[in-house]
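Let's take a walk through a protein model together. Have the sequence and the 3D view ready.

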Amino acid sequence: MIHLQVNQTENGDSEDLTVMLADLATVDNSRERASKLFQWLISPIPAETFFRETWEKKPILVQRKNPDYYKGLFSTAEFDRILRGDVQYGVNLDVTSYTNGTRETHNPPGRALPYTVWGFYKSGCSLRLLNPQAFSATVWNVLSILQENFGSMAGANIYLTPPGTQGFAPHYDDIEAFVVQLEGKKHWRVYKPRVDDEILPVLSSPNFDEVEIGEPILEVVLEAGDLLYFPRGFIHQGDCLPDAHSLHITISSYQKNSWGDLLQRMLPAALEIAMEEDVEFRRGLPLDYLTYMGVQNSDLDDPRRPKFLSQIETLMKKLASYCPVDAAVDQKARDFLHDCLPPMLTTAEQASSVKGARTRWECDQVMDDTHKDYLPRLCSDGEAVHLYYTTDNSRVYHQEELKSFERVGYFGSRCISVIDLSSLKIHFPLQIALAEQLFEKGIIHTSEPL
């Protein structure tokens, strides 16, 4: 397995996170924001090159020699601040160790008090902060932007590991992983999938013993400012060197976002439609099929078996024509929107949205123009078409139900300016009602501060 290593020593195109987020706040289009932030994350590798040559294929390493590149994303000091709030073991925090080939979790019940947590750390345990976006506005901001780039939920865990220790056994995950080194340094080993069945796996693996995983294809020490990416299915393990602690954040995406996941939604519905509309799917099985089909007959040399299998192949080919592709995509879209973090509004967006609205506002303020941002999505549930949106989502995964309202008039899948509502085939009072509804949900913004 070949990996690409990029050494970046010049800071000409390297903005720190604070500068990057400030620049992104001036960009109106959410997809453009996401593209720029992802490009910053993996710089200097062009995003187009990354997705063509590396994504889902092989690990990649960026060594920048710039310890401040990711400065401001998260810190040990912020970890300590968060521990002084309401942090629960097993919900928000895991205490782990990996010693002599044994992986253990040391979570007591209840609240994670700072004194106890730091005691675990000093005794050699790693700390894993789950859902850091619920506690850190910066992490929330970064993930809420990046999810637009992936079209899939972007999540994260933060790992703080004391010097000379390891917190986790070798394993592979079911997500695309971007390991961002924030403080200190960490020794990483990455191994290729052991067999074809473990390439782009559907589920994460159990813990492996060293003898099960072979030799690493990549071995490196990440230092602050470095990035390591590896696809799902690549086994990995990281340990701290004796002279330094490690703080890193793993940004993840593309969990359960494969063709197979889409087909799982599509095929049951396709079969139901086919059985309703096509008599070939309703014809009875051969009277004697049990005498020559099944595992006990799999080695049987019987001419009826090829004929039976040929009929299955014919029906499977016909089934494709009954697949409700758009409806299945809508199901996936609803899942994505439910998974999404709510958008983190810039100061200007807050001032021009419902967040900054006065007690009363005049319709002409909204009818003037809107930002085309934070796209809602029209999806059908088979009976009605609803407009789904993420502005009321929680920063805690699935704490809120997916929000939607039934559409008024048809305006396709595009994000519209409210002035475009005049083109809809609905009466003007309904246009105003729809404008109010979109504004109140934070989906549209006025062109000027309110």
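Here is a short report on helix packing, ring pairs and one glycine.

## Ground rules

This is a predicted model, where local features need pLDDT of at least 70, side-chain atom pairs count only at pLDDT 80 or more, and totals for chains, interfaces and linings use all residues. Residues are numbered from 1 along each chain as its sequence is written, and side-chain values use heavy atoms, leaving out hydrogens and water.

Start with helix α2 (residues 30-42) and helix α6 (residues 137-150), which pack at an angle of about 100° with their axes 8 Å apart. That makes α2 roughly perpendicular to α6. Roughly perpendicular covers angles of 65 to 115 degrees, while under 35 is roughly parallel, over 145 roughly antiparallel, and the rest oblique. The axes are lines fitted to C-alpha atoms, for helices over the stretch in contact, and angles run from 0 to 180 degrees between N-to-C directions. Helices themselves are DSSP runs (H or I, at least four residues), numbered from the N terminus.

Who touches whom? On the α2 side, the residues in contact (heavy atoms within 4.5 Å) include R31, F38 and L41, and they meet a set in α6 that includes V142, L146 and F150. The residues of this contact divide into 8 nonpolar, 3 polar and 3 charged. Here Ala, Val, Leu, Ile, Met, Phe, Trp, Tyr, Cys and Pro count as nonpolar, Asp, Glu, Lys and Arg as charged, and the others, Gly among them, as polar.

## Rings that pair up

The whole structure has 26 aromatic pairs. Rings of Phe, Tyr and Trp (its six-membered ring) pair if their centres lie within 6.5 Å; planes under 30 degrees apart are stacked, over 60 edge-to-face, and the rest tilted. The F79 and W118 rings have centres 6.3 Å apart and planes at 55°, so this pair is tilted. F79 sits in helix α4 (residues 76-83) and W118 in helix α5 (residues 114-122), 39 residues apart. Both F79 and W118 are buried, where buried means under 20% relative accessible area, exposed over 50%, and partly exposed in between (1.4 Å probe, protein chains only).

Y289 and F308 are stacked instead, at 6.0 Å centre to centre with 5° between the planes. Y289 is partly exposed at 25% relative accessibility, whereas F308 is buried at 15%. Ring pairs also link F38, F50, F51, W55, F150, F178, Y229 and Y254 into a cluster.

## A glycine in α7

G260 is found in helix α7 (residues 259-277). With a relative accessible area of 37%, G260 is partly exposed. G260 and V202 are 58 residues apart in sequence, yet 9.2 Å apart in space, C-alpha to C-alpha.

Notes:
Helices (H or I, at least four residues) and strands (E, at least two) are DSSP runs, numbered from the N terminus.
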